[in-house]
Amino acid sequence: MALITLVLLPLLGGLALVAGGRGLAAPVATRVGAALAGVTFLLAVVVAVTRPVVDRSWLPELGVRAHLGVDGIAIPLILLTALVGVLVTIHAMGEVPAGGSPATFVGSLLLVVGGALATFTARDIVLFFLAFELVLIPMWVLIRRFGDPHHPGARAEAGHRFVLYTAVGSTLMLVGILLLVSSAGSTDLGRLVEAGAALPHGRQLTIALLLVTGLAVKVPVFPLHTWLPSAHTIAPTAGSVLLAAILLKMGTYGLVRLPLALVPSGFAALAPWLAIAGVVGIVWGSLVCLVERDLKRLIAYSSVAHMGFVVLGLSTGTVAGLQAALYGNLAHGVISALLFVVVGGLKRRWGSVDLRRSWPALREIAPRRGFALILGLAAALGLPGLAGFWGEFLAVLAAWRPADVTQIPVFRTVAVIAAIGGALAAAYALRVARLLWVGDAVELADPAGVADAVEAVDPSGDGDGDSGQRGTGEGLDVEARGVEWMALSALGLATVLLGVLPWLVLGVMDPAVTALLGGAR
Amino acid sequence: MGLIGTIFGSPAATTAAACARSAAALGGSRPPALFPPCAAVAALPAARRARRAEHLDPHGRGNANAVLLVLAVLSLVGGLALVLELFDLPGLSWTWTVITVLLIAVGAGLAFALGRAGDPGVRFVGRRAALWDSGFGADTAYRALVRPVERLARVVAFLDTEVIDGYVRGGAVAARLAGLAGERFHRRERVRLGPWLVVAGLIIVLAVGVLGWR
């Protein structure tokens, strides 16, 4: 019961808000959304503890069942999704972007969360695909309607690009799923593990190629990543957080659940290529970050680099590699959410965060936001003791000893390049810290166009529930207060906890990961 | 010793390095007169001498002592953690302990001997002061390493937006052109063509059905 409610509550609540909440004022809509997200989070905790299973007949003609369940791989992601859901709805209490009614905004946020929860709990491949696709529509609404208000052209382009890219990826994935279901004769993920592994190698390879390519768009793996920077740049803060913390996670989760678990020999044949693509992504993304001018784009490219480590861990085919990938996945969700809250707030008040210009020092004008930025950057560069370290370190370590011993030369080369790419992360993180945290002595009375930009940006008409920041401080007061500071504190705490106590999560994942690889090999 | 040993051991090594540096820069136990008039330093022009002093110890002696104090406390914590077995460490290796103690004794003796015979910094570094001041060319090495990486990064960023994304934009343009072409075709078509197209489709479907019948 808790499981069905967990999935249906945000979906139905979001749908009700989108469909019938047009007349709701912003404070009411955001409070309803936050309450729904809070209950969803409590349900997620209950589900994580009790691990219920739901298995009902749904489409008997097609043999599709409404089969939901959780295991150690899904539980951390479910908790992350529910937590991020709470944070984005709380964040919406302080900031509802222009572009539509507040209820549509909050409803879209809840729909994304509900769709992601359904994806992570689905135990039927058709149900998985439906949930996976469900998320795209509210996400498109968030980018297209609620995106950066003073670049309508760029907003349309980012929306189109998001839809076209992900639709192409989904189509490939759908063909792969249909091929798998028709060859193996089942849609249940549990039964497909044996039936898929028994398929001939050629068929497995075809299915794995389709599934991996389709899901690689969502991760994103180099060279299918160019939708991410434009979507991140345009999306509102909450949308960026959802993109980074939930949508990308669905891609890697899909890679683990579908090709890796269901067609193991096909996936193993693709693994070296996937590892190479991942490592090219690491170096490529990090290099672009060294010269990128827009801060939001920079964080998007750093996501490409971090997901490269995740893909590298997946492709090793070992328990250690898979754990590294899942841990890196989780850590990236928390870190990038933290960074996007920091940067989204800056962008909203300053109009843009162009790194070619000099900005006032955050450590002086906004010490709390500055601290959150430094924490996020330190975690992103993989500092030991923070969340980002374990995923990257363990992924490189796992690549040194891949499951397939004939591939050792490839994987060791790739591991060395990945480690060098990790060093580049330090370079770009310190670049951002130098430009924003250390900053320049820009006179606060001399906004150099900042004030104009802010006037143009600030869309907070009547619907804005945020009362403390309007009027007096204008755009130059960028300190994180109220709900924004709450969100930053929660994410910062999660970053430190994941860094100091990795075994909390690794212990939960371990049995499921071992079973997954043991059952497949 | 593993990872934890390295973590607890590193303050000791850092302390030693910092001690050596401040002994060389500040001249042992001498009072705050930073650089006593000895041959090598006195030969420098006054402006450069001042710059050197500023560069080596911008905040005066107290700062260096504070740094040493912090490092010494950290070393003590590391030592205590080892002795009190706070962590699951494999115990002391006697060889390494003896070597470490000997190193400390030799270092302290050297520092004492050099300090008695004048400014240890000048005696130790001698004519190679310029090399030490420039940090053994670390800045030059940094520039030599960073410039090509930056150039590469610019090339990569260009390739990303112009080539990889170019394919994507090309795909979008192709899709739009196909849509426009379809629209024009529909606008130009004659109405009477419609039924014939339906008939043609019917024939194709029938043919596929008959030929594909098994």
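Helix axes here are lines fitted to C-alpha atoms over the stretch in contact, and angles run from 0 to 180 degrees between N-to-C directions. Keep that in mind. This is a predicted model.

Start with a helix pair in chain A. The axes of H3(A), residues 74-94, and H4(A), residues 102-121, come within 9 Å. They cross at roughly 175 degrees. Angles over 145 count as roughly antiparallel, so H3(A) is roughly antiparallel to H4(A). What sits between them? From H3(A), the contact residues include A:Ile78, A:Gly85 and A:Val88. On H4(A), A:Leu109, A:Leu117 and A:Phe120 are among the partners. By class, that contact has twelve nonpolar, four polar and no charged residues.

Now stay with A:Ile78. Leaving out residues up to four places away in sequence, A:Ile78 touches A:Ala44, A:Val47, A:Ala48, A:Val70, A:Leu117, A:Phe120 and A:Thr121.

Next, the core. How many residues are in the largest nonpolar core? It has 198. A:Ile78 and A:Leu242 have the most contacts inside it. Helix H14 of chain A, residues 319-350, gives the largest share, 18 residues.

On to chain B. It has nine helices and zero strands. Of its 214 residues, 8% count as buried. Take contacts in chain B between residues at least 6 apart in sequence: 72% of them join residues at least 24 apart.

Last, where the chains meet. Chain B puts eleven residues into the contact, and chain A puts in eleven. The chain B side has seven nonpolar, no polar and four charged residues.

Methods. Residues are numbered from 1 along each chain as its sequence is written. Chains are lettered from A and ligands numbered from 1 in the order in which they are written. This is a predicted model: local features need pLDDT of at least 70, side-chain atom pairs count only at pLDDT 80 or more; totals for chains, interfaces and linings use all residues. Two residues are in contact if their C-beta atoms, placed from the backbone, lie within 7 Å. Ala, Val, Leu, Ile, Met, Phe, Trp, Tyr, Cys and Pro count as nonpolar, Asp, Glu, Lys and Arg as charged, and the others, Gly among them, as polar. A nonpolar core is a set of buried Ala, Val, Leu, Ile, Met, Phe, Trp, Tyr and Cys residues joined through C-beta atoms within 7 Å. A residue is buried if 20 or more other C-beta atoms lie within 10 Å of its own, exposed if 12 or fewer, and partly exposed in between; C-beta atoms are placed from the backbone. Helices (H or I, at least four residues) and strands (E, at least two) are DSSP runs, numbered from the N terminus. Angles under 35 degrees count as roughly parallel, over 145 as roughly antiparallel, 65 to 115 as roughly perpendicular and the rest as oblique.
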